Structures are given as structure tokens and as C-alpha cells.
Amino acid sequence: MKVDHDILIAGGGLNGPALALALAGAGLSVAVIDARPAQARAADDFDGRAYALALASRRLLTALGLWGGLAAKSQPILKVEAAQGEAGDGAGPFHLVFDSAEIEEGPVGHMLEDRFLYAALMEAMAGGVTHLPGRQVTGQEVRPGQVAVTLDDGTVLTGRLLVGADGRGSGVAARAGITRRGWGYGQTALVCAVDHDRPHNGTAWQFFMPEGPLAILPLPGNRSSIVWSAPDAQAAAIAALDDARFLDVLRPRFGDFLGEIRLAGPRFSYPLSLSLADHYVAARVALVGDAAHGVHPIAGQGLNLGLRDVAALAEVVVEAARRGEDIGAPDVLDRYQRWRRFDATALGLGMDTVNRLFSNANPVLRAARGLGMGAVTAIPPLRRAFMRQAAGLTLDPMPRLLAGQPL
């Protein structure tokens, strides 16, 4: 049966457009249904939102032709240091240290602001993807050989496959009957950026406190992104403070190793939870990104997990299309699910375990944590193995886009 597009993608954040570019670059027709208005979040003003892109994710952006224009706007993560301690007391004696110079592939990742990545994706989509901004999917129906999608303005579009890239509350997943499981952490993430007097030298810090972890992530210049997890009630009280009082609470936790700190841009907050879809596929439906798995931000892997989905799904769909298969058929979609579900679930549960292990003041666990971090730092092969995993280099099989190769 004739369809309007090969693939319909609900969700115009980051994963949806990245997938659209990968598929369109391989000759498939794609429409992105984007609830945001045209050019939303593409403003030039710095707003503090940024991502830690793993090396494999950077290679995907290179394969899509985007990294050349983004590299100069990014900050390489040259070193990662982690320690535990109490607010106001500084870091404990045992540190976990990862130095990118120890792996031959280069920096384990790059920090990149949301405004630059989003704008690059929007600009690239204009060259071959049907982008429908300000529109929402209100209904979907599986028909013989196709899926039909109804938009909020009454328009009906048809395709061979519908991809849900519409976040944790995915309407695509719900309408397809895909259930979810997970739990809240009783924590809220406080997100902002700060300017500081001293250079960060490309180092990312993770400070584990009993109340929750504090990540200090390097941005270009003397600026860092902050992701601070705290119990819900405490976080709500802190979020309600004015900027000056907020900094007064942050400083004892941040420390003075970067000199005086000042807010750069607005502050954000959002509740933390684990949310895993029971299935990544249904009849003519596939999920990517947070629609499939919403994880704790403790290791900054949320977007990287989504881009792994993008790379795997794009490869499965493009190869199926080249073989003349129905790209929305159950056996095709099952290849994607088998490729991605174990990896994403394992990583999500792993971050859940780390958060529970470190977000407490138990003295026995505190001692064990310190010894464990010290041991990893002291054993070079183990240290390099952790770095390669964080960089996204240990996937087997490795999707071609994550290796920087075209489809």
C-alpha cells in the first residue's frame, strides 16, 4: 500500500532528528512530528543546559556530518575525577581518576551545550527531512502494511514504521500498549551552570555525598555545568531560593578548588526516577531514547543511550530496506529490540545501583566505596576498561554510526 513516508518519528528533541538524518541520508523518506514550535530552543543565548557526549556519540555526529560545525563549540573531557565526602568537609582520601591520555582513541567525551546541538540538528533536517513543528500525535492505527497517525490538526499521515522518540511519557508507547516499570529515587536534580575564576583543565568531577551526587562538568572557558541531586524536599527548598542564597548553599558542596563561582544562566530542576519500557517494539512501532529508558543522570548517559538506540535502529531499518524487507515487520523490529534492550536495561540498573550505593552515610559502605575507588585507580587495565566503557567503545556488535562509519 502507498504511504506518505517510509518512517514517521514522533518527537523533535534530539534523538528523533538524529534518527531522521541517519535514515534520510540512506535514502528513506522521513517525517518528524515535533510538538515544539518552529526553532524552539534554538536561541543563541546561553541557558546552562549541556550534555556529556561519549566518544561513540561524537563519532555518530561525525558520520551524520554535524561534528565539523560543533567541535569548536565543545569542551573535551580530558580527565574524570570522583570522590566521596560531606558538604563543607571536602573530598575523602580515595579518588577515582580517569585520564583520557591512557586510551588511544582520545578524549572519552565532549561537553556540548543543548543550544548548539539542537540548532545543528534543525538546520540539517531542512535539507531532506519533512519537519512538522508545533504538531502533536493524537492517534495511531496499525493497518495492513502501514501505520496511520492522526495529528492534532486532523491531518492523517501514513508510514511503514512509527518511531516513538517522545520521552518518558511517550504517547506512542502508551497507544501501542507498551507498559513501563520503574521507581522514583526521592531525589530531584538541580541543574545550572557557573562561571569560576580558575580553569577546569577539561576535568569532570563527580562528588558523592550522602544526600546525592554532585557533578561538575567542564564547558568552554572558565565555566562548568552543574547537576546536583538532592532529596526532594531539600531540593524544593533550595530551588525556591534566590540566586545569591542558592550559591551560598552550593559553595560548601562545590568547594573552592576553582575559585569563586557565579551563576551563568537560569536554573532548572526535575525529579529523578528509573523508567524502563517492557518492550521496545510493538506492531509497526519502535521506541528510542527516554521513550524506551529513562535513567538516573549520575553518569550523564541519558543522551548517549538514546544515540545508541538511534544508531542500532537506523542500521536495522536501512539494511532491511536494502534487502527489500518490510521495515515495519515484526522480525525486523525484533532485531532492533534484541540489539538494544539488554544494554540499555543493564546500564540503567547499573546507574541505579551506584546511586543507591553512594547516596547514604553508612560508615561500612563508605569505607568499602573508598577502597573500591582507590583500587580501580591503582589498576591500569581496570581503569582503562572503565574508560572505554564510558566512551561507548565496548558495544558488541558496534553499530556502524557509533564507529563513525556511514550506513
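W205 has a relative accessibility of 18% and is therefore classed as buried (buried means under 20% relative accessible area, exposed over 50%, partly exposed in between, with a 1.4 Å probe and protein chains only). The model is predicted, so local features need pLDDT of at least 70 and side-chain atom pairs count only at pLDDT 80 or more, while totals for chains, interfaces and linings use all residues. Residues are numbered from 1 along each chain as its sequence is written, and side-chain values use heavy atoms, with hydrogens and water left out.

Aromatic pairs were identified from ring geometry. Rings of Phe, Tyr and Trp (its six-membered ring) pair if their centres lie within 6.5 Å; planes under 30 degrees apart count as stacked, over 60 as edge-to-face and the rest as tilted. Four aromatic pairs are found by this rule. W205 belongs to strand β13 (residues 203-209) and F257 to the loop between α7 (243-254) and β16 (261-263), so the pair ties together parts 52 residues apart in sequence. Helices (H or I, at least four residues) and strands (E, at least two) are DSSP runs, numbered from the N terminus. F257 is partly exposed, at a relative accessible area of 32%.

The pair of Y280 and Y336 is tilted, because the ring centres are 6.5 Å apart and the planes stand at 40°. Y280 is in the loop between β17 (268-277) and β18 (281-282), and Y336 is in helix α9 (residues 330-358), so this pair ties together parts that are 56 residues apart in sequence. Y280 is buried, with a relative accessible area of 1%, and Y336 is buried at 0%. Ring pairs also link W205, F254 and F257 into a cluster.

Helix α1 (residues 15-25) is mostly covered, as nine of its 11 residues are buried. Among them are N15, P17, L19 and L23. The cover over the buried residues of α1 includes β1 (5-10), β2 (30-34), α4 (114-125), β11 (156-164) and α8 (302-322). Just after α1, G27 adopts a positive phi of about 100°.

The protein chain as a whole holds 11 helices and 20 strands. Of its 407 residues, 51% are buried. Among contacts (heavy atoms within 4.5 Å) between residues at least 6 apart in sequence, 73% join residues at least 24 apart.
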